[in-house]
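Open the model in your viewer and keep the sequence panel beside it. The tour below goes from one selection to the next and says what is there.

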Amino acid sequence: MFDTSEFIEEAIASLREKIDDIAIIACSGGVDSTVAAVIANQAVGGLLHCVYVDTGFMRKNETEEIEALLAEQGIENLVTVKAADRYFEALKGVTEPEQKRKIIGELFIRIFEDEQEKVGAKYLVQGTIAPDWIESGGGVRDTIKSHHNVGGLPEDMTLSVVEPLRDLYKDEVRELARALEINVAERQPFPGPGLAVRTLGELTPERVEVVREACAIVEEEFEMAAEAGDMEIPWQYFAALLPVRSVGVHGDVRVYGETIVVRAVQSIDGMSARYSEIPHRILQKISTRITNTVKGAANRVVYDITHKPPGTIEWE
Ligand code: XMP
């Protein structure tokens, strides 16, 4: 049985012991980084600076929501860095998933180093949890995906890394969020590199926008259907854009658009997962809304019925 108050007490004591100077944390608005930020804020208060990087790969309205959430948690030193242009520039022409993650991770750290210099930080607090480093080749297993908050760390990094949630699994972090009354406990997980790993092929602002719209539709429809009691809310649910073009027709016009895949899974901790059985009429509504919203850009919607293993949850 996981004892949240004991964990928080020990984490605060350990953070106070480790952090004796200015610290910086990347807040993505996800459960992991928000819990890490709130605990670190409780531990070292004024020494902590929170940085939110808007990479251009965030979900619809996410930046505004995250800023409001962190303010609500009493986090004072928050800086938002608008970095979309830098990310798209750095990723021009890149299609290989591991290379994408590496570039995203490195740029993320560079942006951090700029902020670190500005505030004079010596420590980097991270919301890394156990599956992040286990799947990134933490010794026992081969690298499956280098989750960007681990795999992308360059060797010349000058900050000391502090990871208060390193030994925890997702369900435990959610328990902590509930105990701390952080309003993200029930939010579905979202990968660090964001919509970049849901946009297969080249990352252009236009293609990412298609994924952003499709993800918003999937979230809205599933949440509405679950609220109405028509389905169980999946553990994670989203859309990804595949660089596979097929012929379609929009109005009277032939279109040659890409493909949206809808993914929804049940899982406990993300290490394994089963695809969710979704009523067809809900999938149908999602399909119609997506193709109407993104016009010719994607003209086909498919549903992924692969468990993990053999698939992974994300497509990259
Ligand atoms: P996979 O796709 O590996 O995903 O089955 C397992 C869980 O991890 C999330 N995920 C990531 N999280 N950085 C992250 O912080 C990443 O690079 C990354 N890739 C996948 C995924 O959304 C799922 O919840």
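This is a predicted model: local features need pLDDT of at least 70, side-chain atom pairs count only at pLDDT 80 or more; totals for chains, interfaces and linings use all residues.

**Helices on a sheet**

Start by selecting helix 2, residues 31-44, which lies across strand 1, strand 2 and strand 4 (123-125). Helix 2 runs at about 160° to strand 2.

Hide the helices and look at the strands. In what order do the five strands of the open sheet stand? The order is 3-2-1-4-5, and the pairing is parallel. Strand 3 (78-82) and strand 5 (160-162) are at the edges; each has a single partner strand, so one side of each has no neighbour in the sheet. From one strand to the next, the twist averages 30°.

Select strand 1 (residues 23-26) together with strand 2 (residues 48-54): they pair in the parallel sense over four bridges. Show Ile24 and you will find His49 of strand 2 opposite.

Next show the side chains of Lys82 and Asp54, which meet in a salt bridge at 3.7 Å, N to O. Lys82 belongs to strand 3 and Asp54 to strand 2, so to speak two distant parts of the chain, 28 residues apart, are linked by this pair. Side chains of opposite charge can pair when their charged atoms come close. A search of the whole structure finds 20 salt bridges.

**Two domains**

Colour residues 4-179 as domain 1 and residues 198-303 as domain 2. The C-alpha centres of the two domains lie 28 Å apart. Domain 1 gives 20 residues to the contact, and domain 2 gives 17 residues. About 1500 Å² is buried between domain 1 and domain 2, with 61% of that area coming from carbon and sulfur atoms.

How many salt bridges are counted between domain 1 and domain 2? The count is two. Seven residue pairs are in polar contact across this interface, with both residues at pLDDT 80 or more. Select helix 6 (130-134) and helix 8 (170-179): each supplies at least two residues of the side of domain 1 that touches domain 2. Helix 8 gives the most to that side, with three residues. Then show Glu219 and Arg59, whose side chains meet in a salt bridge at 3.4 Å, N to O.

**A hairpin**

Move to strand 6 (residues 236-250) and strand 7 (residues 253-266), which run antiparallel and are joined by 12 bridges. Select Ala239 to find its bridge partner in strand 7, Val262. The hairpin of strand 6 and strand 7 has two residues between the strands, and Gly251 there takes a positive phi near 65°.

**Backbone exceptions**

Most residues other than glycine have a negative phi, and most peptide bonds are trans. Select Glu181, in the loop between helix 8 and helix 9 (205-227). Phi of Glu181 is positive, near 55°, and this residue is not a glycine.

Finish in the segment after strand 9 (298-303), where Pro309 lies. Which kind of peptide bond joins Lys308 and Pro309? The bond is cis, with omega about -15°. Pro310 is found in the segment after strand 9 as well. A cis peptide bond also joins Pro309 and Pro310, with omega about 10°.

Conventions
Residues are numbered from 1 along each chain as its sequence is written. Side-chain values use heavy atoms; hydrogens and water are left out. Two strands pair if DSSP finds at least two bridges between them. Axes are lines fitted to C-alpha atoms, for helices over the stretch in contact, and angles run from 0 to 180 degrees between N-to-C directions. Contact means heavy atoms within 4.5 Å. Domain bounds come from an automatic or database domain assignment. Buried area is the accessible area (1.4 Å probe) that two parts lose on being put together, summed over both. A salt bridge is a side-chain nitrogen of Lys or Arg within 4 Å of a carboxyl oxygen of Asp or Glu. A polar contact is a pair of N or O atoms within 3.5 Å; within protein, one must be able to donate a hydrogen and the other to accept it, and residues adjacent in sequence count only if both atoms are side-chain atoms.
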